[in-house]
Structures are given as C-alpha cells and as structure tokens.
Amino acid sequence: ADVQQAAQKAGLRPGDMVRINVWRNPELSGDIVVDVDSTLRHPMYREVRAAGRPTSEVVGMVRTVLRKYEVEPQFVLEPLFRIV
C-alpha cells in the first residue's frame with residue numbers, strides 16, 4: 001500500500017494506466033494507457049494530460065470531457081500504476 005500511496009502523490013507517468021468506468025457508457029470506459037506525450041491514449045480523452053498530475057486532478061479533467069456528453073456524468077477512475 002505504501003508504494004501505491006507514493007505513486008499517487010507523484011502522479012501518473014507514461015506507461016501507467018487508468019481504469020475509467022462510466023455508468024451506462026461502455027464506449028467511454030476501459031483501461032487507458034498514459035501515452036509518452038502525457039495524454040490518455042483514447043480518442044475521447046486525448047486532451048487529458050494525465051502524467052505528473054495527482055489522481056484527483058485527472059478525475060476533474062475526465063469529468064470536464066464527459067460533461068460534453070452528459071450533464072452529470074457518473075464514473076469511477078482508478079489509477080493503475082506500473083510497479084517497476
């Protein structure tokens with residue numbers, strides 16, 4: 001758990017993934033890789049610059065994207081850190 005907490009404070013890095021589950025919206029859900037340019041490798045989330053940011057900030061950016069499609073999007077974002 002300590003490694004996980006340290007990783008969350010440091011933020012996501014390229015090669016890490018986020019698991020996004022959008023309620024009743026499988027096409028916006030999935031395990032998405034943080035690309036080398038720090039964005040999420042998914043057509044709907046390309047504008048989300050995830051690398052180096054705390055999870056709470058990434059959640060806010062994903063919420064902004066989802067608000068283009070739903071007024072009050074309901075989703076869960078789970079960081080999946082690569083353990084090296």
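Trainee: Where does aspartate 35 lie?
Mentor: Helices (H or I, at least four residues) and strands (E, at least two) are DSSP runs, numbered from the N terminus. Aspartate 35 sits in the loop between strand E2 (30-33) and helix H2 (55-66). This is a predicted model, where local features need pLDDT of at least 70, side-chain atom pairs count only at pLDDT 80 or more, and totals for chains, interfaces and linings use all residues. Residues are numbered from 1 along each chain as its sequence is written, and side-chain values use heavy atoms, with hydrogens and water left out.

Trainee: Is aspartate 35 buried or exposed?
Mentor: Buried means under 20% relative accessible area, exposed over 50%, partly exposed in between (1.4 Å probe, protein chains only). Aspartate 35 has 14%, so it counts as buried.

Trainee: Which residues is aspartate 35 in contact with, leaving aside its neighbours within four places in sequence?
Mentor: Contact means heavy atoms within 4.5 Å. With those neighbours left aside, the partners of aspartate 35 are Pro14, Arg41 and Arg46.

Trainee: Which residues touch the most other members of the largest nonpolar core?
Mentor: A nonpolar core is a set of buried Ala, Val, Leu, Ile, Met, Phe, Trp, Tyr and Cys residues joined through side-chain atoms within 4.5 Å. Here, of 19 residues, they are Ile20, Leu40, Tyr45, Val62, Phe75 and Leu77. H2 gives the most to this core, five residues.

Trainee: How many bridges join E1 to E2?
Mentor: Two strands pair if DSSP finds at least two bridges between them. E1 and E2 run antiparallel, with four bridges; valine 18 has isoleucine 32 in E2 as its bridge partner.
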